[in-house]
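Me: Before I rely on the labels used for this model, I would like to see each one set against its definition. Please take the helix contact first.

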Amino acid sequence: MLLGSSIGHRLVLTSFGESHGKSIGAVLQGCPAGLELEEKDIQKMLDQRRPGQNLISTQRKEGDIVEIISGVFRGHTTGAPITMLIWNSDQKSKDYENLKTKLRPGHSDYPAMIKYNQQNDYRGGGRFSGRLTATHVMGGAIARKLLKVTLGIETNSFTSQIGKVKMEKKFNEKMINSIYKNEVRCPEIKTAKIMREKILEAKKKGDSLGGIIESVTTNVPVGLGEPIFNSLESDLSRAMFSIPSVKGVEFGSGFEGSELFGSENNDLYTIKRGKIVTKTNNSGGILGGISNGMPITMRVAFKPASSIAQKQSTVDIKTKKEAVLQVKGRHDPCVVPRAAPVVDSLVALTIADHALLSGTIKPVL
């Protein structure tokens, strides 16, 4: 495995490519043989993440058309590594010429320059670009289908907050079909309109906004997770922090739970339709690092996009003097709406990996 470019134990995703390189791609190893799979299964999720679809995302026009290079024969996975490729087509590298020496505030430019002795590809953020989340989605789309077909597990991620604008109601299954009916990917249509207005206001000012993606995964069997260091929470958190701009992850009651009494935060057991369940789900579906059969609920916090059109003070590493920088190019005023399918993908990859690790999913279907 490439150090830092792969994730997973039995279901291993390796990501490759740079934002302004010829292509980006992914290799998924460990997918069971016999899963019915076509490019359209992956394309559907890539289209949900694709840039240039509306005014609240970057205007970089990439089709993000996936090609399956290996691992699929006669419409089914063979058990061999699945290699997937997307050709980059709308790079404007000249927009980054002034970034050769001027450090962008909020970006990885400075630590990357030092770590790689200025040999890193700085165009569009190179290896550190959010464009690489398309490689997460390539593997995640397959994992999502694998979970659905074998165990009936479903993952749904959505925007619950943009800036200070929050959903008014708690998410429920009836809202699932509303997630992708608006540009913001918020299932509460009234709130989605306000969120969109706030993003456009920030864009007009040459600024950006952050927000929160919530994720709910249902039908998870009891017992997934390998404590202590490969607990389900540990691996899900690691996966989430591989997404650029993510700065916080919490499960269930999360930080709010720290303000409660144990008598308030404990999930009491009961029997429902002959099955042991809990009356509440403050644990977020995970206890002791192991799934307990309740829905796995997560909240993922995204910082505001660092590339903004406003002038900012910085340092020129060539002159070793302070300078003024205005970032040019096409950037998301808010990355959150396009992040929902990315969170879905990484949750699916992690849970499918643990299902294979535990033997819940067999290596041949």
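Reply: D41, I42, M45, L46 and R49 in α1 meet T133, A134, V137, M138, A141, I142, R144 and K145 in α3, where contact means heavy atoms within 4.5 Å. These residues divide into 8 nonpolar, 1 polar and 4 charged, with Ala, Val, Leu, Ile, Met, Phe, Trp, Tyr, Cys and Pro counted as nonpolar, Asp, Glu, Lys and Arg as charged, and the others, Gly among them, as polar. This is a predicted model, in which local features need pLDDT of at least 70 and side-chain atom pairs count only at pLDDT 80 or more, while totals for chains, interfaces and linings use all residues. Residues are numbered from 1 along each chain as its sequence is written, and side-chain values use heavy atoms, with hydrogens and water left out.

Me: What makes α1 oblique to α3?

Reply: Helix α1 (residues 39–49) and helix α3 (residues 133–151) pack at an angle of about 135°, with their axes 9 Å apart. Angles under 35 degrees count as roughly parallel, over 145 as roughly antiparallel, 65 to 115 as roughly perpendicular and the rest as oblique, and therefore α1 is oblique to α3. The axes are lines fitted to C-alpha atoms, for helices over the stretch in contact, and the angles run from 0 to 180 degrees between N-to-C directions.

Me: Which strands are the edge strands of the open sheet, and why are they called that?

Reply: The open sheet has 5 strands in the order β9-β8-β10-β16-β11, with antiparallel pairing. Its edge strands are β9 (165–166) and β11 (246–251), each of which pairs on one side only. Two strands pair if DSSP finds at least two bridges between them, and strand β8 (residues 154–162) and β9 pair in the antiparallel sense over 2 bridges, with Q161 opposite K166 in β9.

Me: What do β12 and β13 form, and how many residues lie between them?

Reply: They form a hairpin with 2 residues between them, and R273 in the turn has a positive phi of about 55°. Strand β12 (residues 269–272) and strand β13 (residues 275–278) pair in the antiparallel sense over 4 bridges, with T270 opposite V277 in β13.

Me: How does the radius of gyration of the chain stand against that of a compact globule?

Reply: With 365 residues, a compact globule would have a radius of gyration near 21 Å, and the chain has 21 Å, which agrees. The radius is taken over C-alpha atoms, and the globule rule is 2.2 Å times the number of residues to the power 0.38.
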